[in-house]
Amino acid sequence: MASLYVGDLHQDVTEKMLFEKFSICGTVISIRVCRDMVKRRSLGYAYVNFQQPTNAKKAIEMLNFEPIMGRPIRIMWWQRDPSLRKSGVGNIFIKNLDKSIDNRALYDTFSLFGNILSSKIVSDENGSKGYGFVHFESEDAAACCVQKTNGMLLNGKKVFVGKFIPRRERMHQLAEKGFTNVYVKNFGDSFNDESLRKLFEKYGNVISAKVMTDSSGKSKGFGFVNFNNQEDAKKATSEINGMEINGKQLYAGRAQSKTERQAILKENFQTLSNRGNRSRIGHYQGLNLYIKNLDDSIDDERLRYHFSKYGAITSAKVMMINGRSKGFGFVCFSAPEEATEAALNMNGRIIDTKPLYVALAQRKEERRAQLSSQFFQRYANGLSQNYWAY
């Protein structure tokens with residue numbers, strides 16, 4: 001490993017600044033500040049690739065938490081395998097931290113128990129949020145750390161230190177855990193506090209029942225019922241969930257915190273979004289061609305005509321601005337084999353005095369990745385030539 005992740009960067013930090021900082025530790029092959037794809041603003045982190053792993057190790061020892069543009073940077077080994085980062089192996093969670101403890105203090109305190117891959121205090125615009133994470137190289141180091149430090153005083157505050165549990169597993173544990181508070185919805189304005197209590201108290205001792213209302217006192221159609229014990233709450237939800245009252249089907253389930261609801265909604269949204277992206281990408285993969293260097297006289301029909309001999313075309317489009325050709329367009333075939341044959345035969349073909357460039361169309365992310373790779377390859381070659389010239 002000779003690659004580092006550099007986080008907590010000021011948004012104005014550039015590759016040149018990082019090169020000047022990191023090159024004192026050894027030969028740097030490439031540096032990339034990750035940026036927003038649309039506005040090109042820094043995302044606050046970068047990757048630095050050294051020629052030798054010893055140089056990367058030296059950079060961690062010398063530069064971790066060093067300030068650049070007034071902000072301490074955070075360096076860790078770049079884990080290319082995302083499953084290792086997400087598995088939770090060797091990762092611990094610390095909470096109830098004093099606000100004065102920063103990333104350096106966290107690292108220095110817990111590095112006594114073993115090699116640390118990464119450590120981070122979670123913060124916002126107001127500073128530390130009072131909790132953080134430390135990822136050890138080994139599970140044994142993490143277990144020893146938990147055993148020795150859980151409950152210790154750190155800057156006068158008793159901290160909790162425990163094994164990190166991934167969000168999905170935490171959600172599952174909460175779902176399995178007993179509950180006494182029940183969320184009820186879809187009853188319209190037919191219930192008040194008393195009628196809600198009467199509906200549920202046949203299943204056990206109800207501590208409180210509350211219908212949520214707006215500023216005028218009108219029911220919002222949902223409420224909460226709190227039982228004395230978990231068995232009664234569980235029985236009530238199983239019996240009432242799906243029950244029909246006044247033509248409306250009730251929903252009853254375990255009441256969730258706002259954080260938990262937001263986490264579930266976020267996860268569901270990402271799942272649906274990723275599924276949709278994969279579907280769209282899979283559908284058009286290998287079918288769509290990108291054609292550039294088109295003569296101004298080429299319109300959609302002429303573009304379709306020149307490519308139609310290679311197969312069935314589902315769409316052909318010359319990109320326009322203010323009624324004039326932008327010099328490039330797309331042709332989509334019904335089969336990947338047809339698109340490949342067209343690309344091989346039409347690339348370099350002269351139409352109306354201009355040689356065409358034809359290739360399989362790429363998504364924006366793929367193009368940016370390819371351009372970045374080419375840029376850093378040239379950058380690395382330039383560094384190598386300058387080094388030998390020197």
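**A walk through the predicted model**

Helices (H or I, at least four residues) and strands (E, at least two) are DSSP runs, numbered from the N terminus. Contact means heavy atoms within 4.5 Å.

Before going further, a word on how to read the model: it is predicted, so local features need pLDDT of at least 70 and side-chain atom pairs count only at pLDDT 80 or more, while totals for chains, interfaces and linings use all residues. Residues are numbered from 1 along each chain as its sequence is written, and side-chain values use heavy atoms, with hydrogens and water left out.

What about charged side chains? Side chains of opposite charge can pair when their charged atoms come close. For a salt bridge, a side-chain nitrogen of Lys or Arg must be within 4 Å of a carboxyl oxygen of Asp or Glu. How many salt bridges does a search of the whole structure find? It finds 6.

One of them joins the side chains of Asp8 and Arg74 at 3.4 Å, N to O. Because Asp8 lies in the loop between β1 and α1 and Arg74 in strand β6, the pair ties together parts that are 66 residues apart in sequence. Arg74 is buried, with a relative accessible area of 7%, whereas Asp8 is partly exposed at 22%. Buried means under 20% relative accessible area, exposed over 50%, and partly exposed in between (1.4 Å probe, protein chains only).

Another salt bridge brings together the side chains of Glu15 and Arg35 (3.9 Å, N to O). This pair links distant parts of the chain, with Glu15 in helix α1 and Arg35 in strand β2, 20 residues apart. Glu15 is partly exposed, with a relative accessible area of 23%, and Arg35 counts as partly exposed at 23%.

Further along, the side chains of Asp300 and Lys317 meet in a salt bridge (3.8 Å, N to O). Asp300 sits in helix α10 (residues 300-307) and Lys317 in strand β20 (residues 313-321), 17 residues apart. Asp300 is partly exposed at 26% relative accessible area, and Lys317 is partly exposed at 43%. Salt bridges that share partners also join Asp8, Arg74 and Lys120 into one network.

Let us move on to helix α4 (residues 103-110). Which residues of α4 are buried? They are Asn103, Leu106 and Phe110. Because they cover an arc of only 65° around the axis, they are on the same side of α4; the arc is that of the directions from the helix axis to the C-beta atoms. An α-helix has 3.6 residues a turn, so residues three or four places apart point the same way. The buried residues of α4 pack against β6 (74-77), β7 (91-95), β8 (116-124), β9 (127-136), α5 (139-149) and β12 (160-163).

Leu199, in helix α7 (residues 193-201), counts as buried at 10% relative accessibility. Leaving aside neighbours within four places in sequence, Leu199 is in contact with Phe191, Ile240, Met243, Ile245 and Leu250. The C-alpha atoms of Leu199 and Ile240 are separated by 8.9 Å, although these residues are 41 residues apart along the chain. Thr237 has its place in helix α8 (residues 230-240) and is buried, with a relative accessible area of 10%. With neighbours within four places in sequence again left aside, Thr237 is in contact with Phe179, Val182, Ala252 and Gly253.

Finally, the cysteines. The structure holds 0 disulfides, a disulfide being a pair of cysteine sulfur atoms within 2.5 Å. Cys25 counts as buried at 2% relative accessibility, and Cys34 is buried at 6%.
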